[in-house]
There are 2 protein chains.
Amino acid sequence: MALVVEKYGGTSVGDANRINAVADRIVAARGRGDDLVVVVSAMSGETNRLTSLAHEVSDHPPARELDVLLSTGEQVTIALLSMALNAKGCKARSYTGTQVRIRTDSVHGKARIVDIDDARVRSVLADGYTVVVAGFQGVDEHQNITTLGRGGSDTTAVAMAAALGADECRIFSDVDGVYTADPRVVPDARRLDRITVEEMLELASSGTKVLQIRSVEFAGKYRVPLRVLSSFEEGPGTLITYEESSMEKPMISGIAYHSDEAKLTIRGVPDEPGVAYQILGPISDAHINVDIILQNVSAEDGTANVTFTVHKNDYQKALAILHETAERLGATEVVGDDKIAKVAVVGVGMRSHAGIASKMFGSLAAEGINIQMISTSEIKISVVVEDKYMELAVRTLHKAFGLDSA
Amino acid sequence: MALVVEKYGGTSVGDANRINAVADRIVAARGRGDDLVVVVSAMSGETNRLTSLAHEVSDHPPARELDVLLSTGEQVTIALLSMALNAKGCKARSYTGTQVRIRTDSVHGKARIVDIDDARVRSVLADGYTVVVAGFQGVDEHQNITTLGRGGSDTTAVAMAAALGADECRIFSDVDGVYTADPRVVPDARRLDRITVEEMLELASSGTKVLQIRSVEFAGKYRVPLRVLSSFEEGPGTLITYEESSMEKPMISGIAYHSDEAKLTIRGVPDEPGVAYQILGPISDAHINVDIILQNVSAEDGTANVTFTVHKNDYQKALAILHETAERLGATEVVGDDKIAKVAVVGVGMRSHAGIASKMFGSLAAEGINIQMISTSEIKISVVVEDKYMELAVRTLHKAFGLDSA
C-alpha cells in the first residue's frame, strides 16, 4: 500500500464531467490499495474570471485582498471533487490551505511555503478518507490567506508529498510527459520515460512548461519521486529522477525554446570594476529579471559592451532605464531587439561528452541560422537567434542529436 | 464617534457598480466619524450558481462539502468590497468567518453561532481599518467551515453587533423599511418609523421577508439596536425597538400574509388523551414543521377533529403520513387543501385594545371572505382563507384598521 500525492490542474477539473473523470481515476487508485492526497487547482478560467472582477473595482487591488479572492477558486474545486468522490462511494474530505495548515511567509501573491502540519492529513488518511487539498494557497502566521502565485498548485503537491514522505507525487495535466522537444514544433519528438531533475530544471527555465520550476526545485531539494502524466489518457508519463545512470543516458535529453525575451546592448562603457553592477543595478531595482548576461571588451578602444535579455513585458521599461544609465556612464550606444528567440540543448550527458557545442553550432550554420548570443551551463547550451528561425533551429537540433530515432 | 455594524445583502453587492456604490456609502459614514464593521452576502445569483455546480457532480452533496463550496460566495464579496474601499482611499481589510473566529456548532447548512472572538475585530478597528466580514459562515471547533443557512448574513451582522456592543446594526436591502403591508398588494401601505421586536417577529413569521426571523430573535435577545434600510435610496428606514411606548402606539402595526402553506384535517378520531401527539408525532418525525394547529370535538359523536397547516413543499408527504395515521387510529376521514392563504394583523397595541378580532372578522365578512381557521397570539390574529381572497383580505384589513391614513 503506497501513499501517493496526486495533483490535477485547471483543465483537468474544468467542468463537472472532468471532475467526475478525475474522481473515477482516484477511485481506481484507491481500488489498487493506495492512500491518496489529491491537490487541485481552480477550474480553468476561474482565476481569470476572479481577476477580471477585481479589476472592475480597483486598478491596483491590494495583494492581501487579491489572495482572499483568488483562493476561492481552489476552494470551489476541492468541494466539488469531494462531492463527486463521495457520490461514487469513496470517502473524501476537502481542506483549504488554512485548514491543512500550509504555512507560508506573508508575501501575498507569491508566498513561499514554510511548513506543513502533516498531522491532520495523516489522521484523516488513517480514518480511511481521501484527502482533497486546495493547491496554490496557504496561511501566514497572522491567519491571512496567501497564494503561491500561478502554477503554485504543483508546489503545493510536491511540498505535501515531501511533508508526508509520500511514495510518489503525480502531476496530472494536459500533456502526457516530458518530450525531447515540443511535439507541436517537432512531430517526431518522443516522450522521455525518465529525466533527471537538473535537466528538468533547465528545460523548464528554457520554456518547456510541463512543471513550474519552483516545484521542480522543491522536489529536487526533498528528493520527492515526481511523475508527470496526462489526466486524459492512460500512460506511464515521465519520471523525474535524482541519480543519473550515465550508461544509458543519451548525450542530449531535449531541445527547449521560447521567444518571450528581448535583448538589450549598451556599448562603449568605460571598462572598469563595477561596470556590470552600474548597468544592471538600476534594472534590478525596477524589479526586472535578467536572463542571459554577456560582457566583453572591445578590441579597438578598450571599452566594454554589455548585452542582456529581459522578458518582453519589461522591454520598453528596461530600454528607458538603460538610456539613462548610458547618459550617466558616457556610453556610446544603446540598442535593443525584441525579435529574438532562445533555443537550447539540454542533457546531463554533455558532462561526459565533448563536441556538443560545435555540433550544435555547425548544425545551425548549415541551415544558415546566425547565432547572436551563446550562453552555457554545465548541462545546457543556449543560443539566441532571430525569432523567425526558432522552429527551424529546434527541428534541426532535434534531428542533429538523433532525438527522433533514439 | 459611533461603532456601527452594516450589512449589505446579495442584490446590494450584485455587481461591480453596486459594490462601488456600497463602498461610497461606507466612505460617507467613515467621513461622519463612525467606526464600521461591514457584513456582506454573496453576490446575487452566486449561491444558486454554486448550488447548481454541486448538483452537477452529486445528487446528495455532503453538507460539510456544500458549506466549503457555498462559503466561497461571501469570500469573493469581502475581497471585492475591500478592494473597492481601498481604491477610494478608505483603509479596509476582509475577514472570512474562520479568520474572525465566528464559532458555530457543527450543524452544516444551518449552524448556530456559539461565540465571536471580538478581540481581533477591535484591534483592526483600532488601527483605523474598516472591517469587512463574510456573512452566513463560521467555523466549528474542528476548524470545519460551516454556514448559517440562507439569509444567515443578517444573523452574522446582529451577532457581530452584539459581540462588539455596537451602537447600531443597520441591515441594508432592496426595501427601505418595514411597511404596514406589502406595498405591491396595498399601494397605500406606509413605512413604519419604529416597530417593536415582537411585532417584527410576528410579521416575519407571517411572511414579511424583510429580515430573517433568527436575526430578529438574536437582536431581541441581546437588545441590539437594529435598523432596516435601503441600499439604493437615502432614508431613515425602520428602527426595531425593545420598549413599547403605548401612548403613541397604534393598535395595529401591519398586515402580513403568505400562501406558502397547505391545510390538512383528520376527522372522527376517538377523543382520548394523547390523540394530538399520535397525529402530529409522525409528522414531526418526518421533519415537517407544523404551523397552526386546531383541535376540537364534534358535538354529534364526541370524536375529535384535528386540523393543521404545513409548508406546501411538505404537503404530499404530510398527507401520506396522515392517511397511515388515520388507518391506525380508525379515523373517519382525511382531507387536505393547498389552496389557502394566511392573513394576519399584528400589533402590540392589541394587548390593551379590545375588539380587534371582531373588527377583523367583521371587515372580512363584509367583503364576503369566508374564514376557514383562526389562530391568535398575544399580538397577532391570523386567519386562513381561500387563497384567491388573499390580496383582497390584506387590502380590506389595511383600510379597516386605518393604516393608510395614520
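Everything here comes from a predicted model, so please read the values as computed ones.

**How the two chains are related**

Let's begin with the pair as a whole. Two copies of a chain are related by a rotation about an axis and a shift along it.

**Where the chains meet**

Contacts between the chains involve 29 residues of chain B and 29 residues of chain A. Three helices of chain B, namely helix 1 (16–31), helix 2 (46–57) and helix 3 (63–87), each supply at least two residues of the side that touches chain A. Helix 3 of chain B gives the largest share of that side, with 14 residues. Sorted by class, the side of chain B that touches chain A holds 16 nonpolar, ten polar and three charged residues. The copies meet through the same surface, because 100% of the interface residues of chain B are also interface residues in chain A.

**Two helices side by side in chain B**

Next, a pair of helices within one chain. The axes of helix 5 (residues 152–164) and helix 7 (residues 213–222) of chain B come within 8 Å and cross at roughly 10°. An angle under 35 degrees counts as roughly parallel, so helix 5 of chain B is roughly parallel to helix 7 of chain B. The table shows who makes the contact.

| Helix of chain B | Residues in the contact |
|---|---|
| Helix 5 | D154(B), T155(B), V158(B), A159(B), A162(B) |
| Helix 7 | R214(B), S215(B), F218(B), A219(B), Y222(B) |

By class, the contact of helix 5 with helix 7 of chain B has six nonpolar, two polar and two charged residues.

**The nonpolar core**

The largest nonpolar core has 244 residues, and among these L81(A) and L81(B) touch the most other members. Leaving aside residues up to four places away in sequence, L81(A) touches V13(A), I19(A), V22(A), A23(A), V38(A), V40(A) and V132(A).

**A loop residue in chain A**

Finally, V107(A) sits in the loop between strand 4 (102–104) and strand 5 (113–116) of chain A. With 14 other C-beta atoms within 10 Å, V107(A) is partly exposed. V107(A) and T146(A) are 39 residues apart in sequence, and their C-alpha atoms are 7.4 Å apart in space.

How values were computed. Residues are numbered from 1 along each chain as its sequence is written. Chains are lettered from A and ligands numbered from 1 in the order in which they are written. This is a predicted model: local features need pLDDT of at least 70, side-chain atom pairs count only at pLDDT 80 or more; totals for chains, interfaces and linings use all residues. Two residues are in contact if their C-beta atoms, placed from the backbone, lie within 7 Å. Helices (H or I, at least four residues) and strands (E, at least two) are DSSP runs, numbered from the N terminus. Ala, Val, Leu, Ile, Met, Phe, Trp, Tyr, Cys and Pro count as nonpolar, Asp, Glu, Lys and Arg as charged, and the others, Gly among them, as polar. A residue is buried if 20 or more other C-beta atoms lie within 10 Å of its own, exposed if 12 or fewer, and partly exposed in between; C-beta atoms are placed from the backbone. Axes are lines fitted to C-alpha atoms, for helices over the stretch in contact, and angles run from 0 to 180 degrees between N-to-C directions. Angles under 35 degrees count as roughly parallel, over 145 as roughly antiparallel, 65 to 115 as roughly perpendicular and the rest as oblique. A nonpolar core is a set of buried Ala, Val, Leu, Ile, Met, Phe, Trp, Tyr and Cys residues joined through C-beta atoms within 7 Å.
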